[in-house]
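I set out to record what I looked up in this entry. The notes below follow the order of my reading.

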Amino acid sequence: MDLKLDPDELASCVQCGLCLPHCPTFRVSGDESRSPRGRIALMRAVQNEGAPVTTEVLRSFETCVQCLGCETACPGGVPFGHLMETTRASLADVHALTPWWLRAAFVPLAHPRLLRAGSRALAVSQRLRIAPRRLALPRLPLRSPPLQPSGDDVYLFTGCVMDAWQRGVHRDAQQVIEAAGFGVRATGDRAPCCGALQGHAGLAGRARRLAEQTIRALPGDRPILVDSAGCGAAMKLYGHLLDTDEGRAFSGRVRDVNEWLAAHMGALAAVAGPLDLRVAIQDPCHLRHAQRVHESTRTLLAPFVAEIVELDDEGLCCGAGGAYSILEPSTAARIRARKLAAIERAGADVVASANPGCSIHLERAGVTVAHPVTLVARALRSGASSPGGAA
Ligand code: SF4
Ligand code: SF4
């Protein structure tokens, strides 16, 4: 089968295995077919030698979290993310990957009213204690007022599930950006979904359509700030996805909110004292390996918390991976167990995570998690209410 992989990209792996310790699925299985090297060998066998796409081959590809830990670890710069994305898109085209129910579940993401109505129904069912437990959903809000614009210096991208389930984080992000001295306009329903989950699942056509819709909805040149690491990583790759000048120009305007705030902290640091918290930082893979701006979280948080502690697992994935924790719950839980052990060793009061998928995945295991902007907003509020604090 032609997986439509670039022959040069496919040939670039020298099979050295240096990436193996950085692969969460290899770490929990010890199985070569669950490693980056093994997955690339299978891609080669299918594309170059006509090997059949057996169930075992499919499972090798399906079980990849697409965390890109192997890509940053590879000394030869093998573009594993692009290889896996293309492989999944080719297999999704022939319906060998991405089940029908997942394709159906993605539909409301591009239709905000439908998504909000479904989320409200789930929130009510949670209050009535009839929500399906196996969904393991976080506690959803019954209602959450929309964000009000405060100016046109920056867009704050609000997206789909995060806006329906965690609008409070957007509210905190807006408060912090305003405290830094900038007016904010939330993107809201005009740009309902960035297409990251669809692209992750191999649904490249849908991802492209959503990217084009997002670009059309946000013209001009003002920065587009994103408080979900997964969405930001996808939007920074629109140029690559669409291969257009318009896509590349748009991607050049996208910044993770931590990244942008870390460069605009002048007014911020003066208005709040630190919270008495020891904070462990969990780097979402989309911030650390995809966007490579994870240090900005530390820069942003440092003036606002008593202590920052590093996890000692070298940024290994937590197992959330978009829809991965739903599709591969057993492997996701085994990967998460390693993260939980690292969090336990750190002995922190709270874990800071800049990605909604990671925070929900960790909260399901009982971890106290907050977005970095939420911690900063708390510090601002406590500074504003304390004697001598800013008004
Ligand atoms: S992806 Fe890179 S690190 Fe991993 S086996 Fe291939 S060349 Fe080595
Ligand atoms: S993307 Fe992550 S899970 Fe997939 S092979 Fe690379 S390190 Fe392993």
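I began with C19, which counts as buried because its relative accessible area is 12%, under the 20% cut-off. The model I am reading is a predicted one. I then checked C16, which is partly exposed at 42% relative accessibility. Both C16 and C19 belong to the shell around ligand 1, which also includes C13, R37 and C74. By class, I find 8 nonpolar, 2 polar and 1 charged residues in that shell.

How many disulfides does a search of the whole structure find? I noted 0.

I next looked for aromatic pairs and found 2 in the whole structure. F182 and W260 form an edge-to-face pair, with 4.8 Å centre to centre and 75 degrees between the planes. F182 sits in the loop between helix 10 and strand 2, and W260 in helix 16, so this pair ties together parts that are 78 residues apart in sequence. I recorded W260 as buried at 7% and F182 as partly exposed at 25% relative accessible area.

Y238 and F250 form a stacked pair, 5.5 Å centre to centre with 25 degrees between the planes. I placed Y238 in helix 14 and F250 in helix 15, 12 residues apart. Y238 and F250 are buried.

Lastly I turned to Q282, which lies in strand 5. Is Q282 buried or exposed? At 2% relative accessibility, Q282 counts as buried. Its side chain makes a polar contact of 2.6 Å with the side chain of S353. I also listed residues that Q282 touches, among them L311, K339, V351 and L362.

Methods:
Residues numbered from 1 in each chain as written. Chains lettered and ligands numbered in written order. Predicted model: local features only at pLDDT ≥ 70, side-chain atom pairs only at ≥ 80, totals over all residues. Heavy atoms only, no water. Helix = DSSP H or I, 4+ residues; strand = E, 2+ residues; numbered from the N terminus. Buried < 20%, exposed > 50% of the residue type's maximum accessible area, 1.4 Å probe, protein only. Polar contact = N/O pair within 3.5 Å; in protein donor to acceptor, adjacent residues only side chain to side chain. Contact = heavy atoms within 4.5 Å. Near = heavy atom within 4 Å. Nonpolar A, V, L, I, M, F, W, Y, C, P; charged D, E, K, R; others polar. Disulfide = S-S within 2.5 Å. Phe/Tyr/Trp six-rings, centres within 6.5 Å; stacked < 30°, edge-to-face > 60°. Lists of a residue's contacts leave out its neighbours within four places in sequence.
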